Every structure is written in structure tokens, then in C-alpha cells.
Amino acid sequence: MATKTVTVGSTVGLHARPATLISEAAAKFDDEILLTLVGDDDAEPADAGSSLMIMALGAEHGDSVTVTSEDADAVDAVAALIEKNLDDE
């Protein structure tokens with residue numbers, strides 16, 4: 001299992017546009033990719049392939065998110081997007 005914790009770079013957090021870009025990237029991988037908001041121990045992990053589940057995390061700019069998958073390349077790709085300011089993409 002590959003895991004990486006990153007900081008949300010988008011100034012609006014993981015809302016509509018960033019969530020859509022992340023879910024589109026996650027859909028390119030066969031393995032499940034899960035996102036967890038660090039510090040929210042009660043929250044269920046979100047499926048990175050679902051923009052609605054990503055938005056439901058409530059991750060804001062500067063929050064930490066853990067990306068987990070069996071596919072290390074998938075973790076790296078999704079983590080890199082979360083760290084970017086996707087508001088301008």
C-alpha cells in the first residue's frame with residue numbers, strides 16, 4: 001500500500017473545479033485511490049474517482065490530505081494535483 005500526505009494548494013480548497021480535475025486523473029488508474037482529511041478521525045475516506053466525495057471531505061487551502069492506493073504511481077499523480085493551485089487550470 002502506497003501512502004502520501006500532502007497540503008491542499010488550491011486557494012478554494014478541494015471544491016468543484018479542483019475536485020473534478022482530481023477525479024478525472026484518478027479515473028485513469030485501475031486501482032482504488034482514497035483520500036483522507038488529516039485530523040478528521042471520524043471521516044470516511046473519499047474515493048478520488050468521485051468529485052462529489054472529494055468535495056464532501058471539506059478540505060480547505062492548507063489542509064493536509066492523505067492519498068492511499070495499491071498503485072504508487074496513482075498516489076503520486078493524485079498527490080501532485082492536490083498540491084497544485086488548480087484554480088487556474
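Which residues does Asp71 touch, not counting residues up to four places away in sequence? I looked, and the answer is Phe29 and Asp31; contact here means heavy atoms within 4.5 Å.

**Ground rules**

I am working from a predicted model, where local features need pLDDT of at least 70, side-chain atom pairs count only at pLDDT 80 or more, and totals for chains, interfaces and linings use all residues. I number residues from 1 along each chain as its sequence is written, and side-chain values use heavy atoms, with hydrogens and water left out.

**Entry: Asp71**

I found Asp71 in the loop between β4 and α3. My helices (H or I, at least four residues) and strands (E, at least two) are DSSP runs, numbered from the N terminus. Asp71 caps the N-terminal end of α3, with a side-chain oxygen 2.9 Å from the backbone nitrogen of Asp73. I also checked Asp71 against Ala2: they are 69 residues apart along the chain, yet their C-alpha atoms are separated by 6.6 Å.

**Entry: Ala72**

Next I stepped on to Ala72, which has its place in helix α3. At 41% relative accessibility, I log Ala72 as partly exposed. The cut-offs I use are under 20% relative accessible area for buried, over 50% for exposed and partly exposed in between (1.4 Å probe, protein chains only).

**Entry: helix α3**

I then took α3 as a whole: residues 72-83, twelve in number. From first C-alpha to last, α3 reaches 16 Å, close to the 16 Å expected at 1.5 Å a residue; the expected span is 1.5 Å times one less than the number of residues. I listed its buried residues as Ala74, Val75, Val78, Ala79, Leu81 and Ile82. Seen down the axis of α3, these fall within an arc of 160 degrees, so they line one face of the helix. The arc is taken from the directions from the helix axis to the C-beta atoms. What do the buried residues of α3 pack against? I noted β1 (2-7), α1 (16-26), β2 (33-37) and β4 (64-69).

In α1, I found Pro18, Ala19, Ile22, Ser23, Ala25 and Ala26 buried. They cover an arc of only 160 degrees around the axis, which puts them on the same side of α1. The cover over these buried residues includes β2, α2 (51-56) and α3.

I looked up how α1 and α3 sit together: they pack at an angle of about 170 degrees, with axes 9 Å apart. Axes are lines fitted to C-alpha atoms, for helices over the stretch in contact, and angles run from 0 to 180 degrees between N-to-C directions. The two helices, α1 and α3, are therefore roughly antiparallel to each other, a label for angles over 145 degrees. Leu21, Ile22, Ala25 and Ala26 of α1 meet Val78, Leu81 and Ile82 of α3.

I also checked Thr20, in helix α1, and it is partly exposed at a relative accessible area of 32%.

**Entry: Ala27**

Is Ala27 buried or exposed? I have Ala27 down as exposed, with a relative accessible area of 59%. Ala27 lies in the loop between α1 and β2. Its C-alpha atom and that of Gly49, 22 residues apart along the chain, are separated by 5.4 Å.

**Entry: Thr66**

Last, I went to Thr66 in strand β4, which counts as buried at 15% relative accessibility. The Thr66 side chain makes a polar contact with the side chain of Thr5 at 3.0 Å. For me a polar contact is a pair of N or O atoms within 3.5 Å; within protein, one must be able to donate a hydrogen and the other to accept it, and residues adjacent in sequence count only if both atoms are side-chain atoms. Leaving aside neighbours within four places in sequence, I see Thr66 in contact with Thr3, Lys4, Thr5, Leu34, Leu35, Thr36 and Val38.

Conventions:
Parallel < 35°, antiparallel > 145°, perpendicular 65-115°, else oblique.
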